Amino acid sequence: MLNLYGRIWTYESGETFDGELYRYSKIGVNIKTSEGKNVLLDEAKLIEKDKEFLKKNYSDLRTNKDSEEEDLPVQEFPKIKLDKDGIAFRWSDKFGAFYTRHFDFNMKRKLSQSEALDLALRCESTYEVVRSLPFWPDEFKRKKIDFDKKNISSSAKKNTKFKIVIEQLKGNRYAGHYDPNTDIVTVDYDILISTFDKELDFVGTLGHEIAHQLTVYHGGTTAVKEGLTEFIEMGIYKDGSVTYEHLEKIIKASPRFTAYSNKPARFTNLKKFLSMSHGTFHAQSKDKEHLNYLQAQMVFVYFALKEPEVLRSFLSKALHAESEKVTPVQESERCQKAFPILLNERKEKELERAITDYYASLGIKIDF
């Protein structure tokens, strides 16, 4: 462990970070803030003064493999707890709609007020989960909107919210879906409540689709996007609260994973999989498509639990700002260029073995 050294770190953009140096490696500069939060800084974005400081005092650490293998303190996963007042819930029976701080709900299938509040809490809790994930890059987190400011017009307030439509989805076995063309999530509340379990209620499909809505503008390959959203849906939900403390227990007990306790799941090699096109990911047999979703989820869970800072740095490079226009081919190229961050000085086979060994410890067999 390094001796802590307090310092103000500055990006060339002018953004500053107040924290003590915790670790310095080829991944980046890891600092610990006064609140105890671990933050990974991109060395390339630092001003020359900070780069010179690192080079002069800690250049040996950047090339010291033993130092890089030291375990980082893992940040806690978000524990979200919301209530009616906290989400600014507003009900309008007259107009067949209800509203929260970040969402507009259009009731094509009418809900009772209690059902509407339940759905509203589920949506807002997913919003807070995505903003609070320890591995989600800060530059991609949606900023909280202060709807109480008097200089924001009613129409502007409405246009800044995410759209949810409640209706029956005929012929659809899922509780909802997200349309990136309209930026709308459609929810079938009847299907949604049929999936509820009194003992173990997951964030589930609704959280999955809302996570797509919240992160779509940052792009990413299909495997990366589905890995994130499949991870989000594993949260346990209850009355406005969400927790992710149970993940390994779920993996050990869920039929989706235990189906491979004897016969291994055959996964695509990691670099090829993460840069896979949308068409290749989906346009295969149903069994193979299911396996692709499973691989995306299991890879994301591994990095979220075992190497969250590495995942955070990878996402920062593989995704892009909302203002950028990126083609699917460019998405794949960005992912390939960011892939060495996941390797973290390892060969691809060594990383795949680390993932394989981790799941083997949980009784799940996979093979790349």
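Analyst: Happy to. Let us begin with Asp 183, found in the loop between β10 (176–179) and β11 (184–187), strands being DSSP runs of E with at least two residues and helices runs of H or I with at least four, numbered from the N terminus. This is a predicted model, where local features need pLDDT of at least 70, side-chain atom pairs count only at pLDDT 80 or more, and totals for chains, interfaces and linings use all residues. Residues are numbered from 1 along each chain as its sequence is written, and side-chain values use heavy atoms, leaving out hydrogens and water.

User: Is Asp 183 buried or exposed?

Analyst: Asp 183 has a positive phi of about 60° although it is not a glycine. Buried means under 20% relative accessible area, exposed over 50%, and partly exposed in between (1.4 Å probe, protein chains only). At 17% relative accessibility, Asp 183 therefore counts as buried.

User: Where does Asp 239 lie?

Analyst: Asp 239 is another residue other than glycine with a positive phi, near 50°. Its relative accessible area is 55%, so Asp 239 is exposed. Its place is the loop between β12 (236–238) and β13 (241–243).

User: How are α3 and α6 oriented to each other?

Analyst: The axes of α3 (residues 113–132) and α6 (residues 204–215) come within 9 Å and cross at roughly 50°. Angles under 35 degrees count as roughly parallel, over 145 as roughly antiparallel, 65 to 115 as roughly perpendicular and the rest as oblique. The two helices, α3 and α6, are therefore oblique.

Conventions:
Axes are lines fitted to C-alpha atoms, for helices over the stretch in contact, and angles run from 0 to 180 degrees between N-to-C directions.
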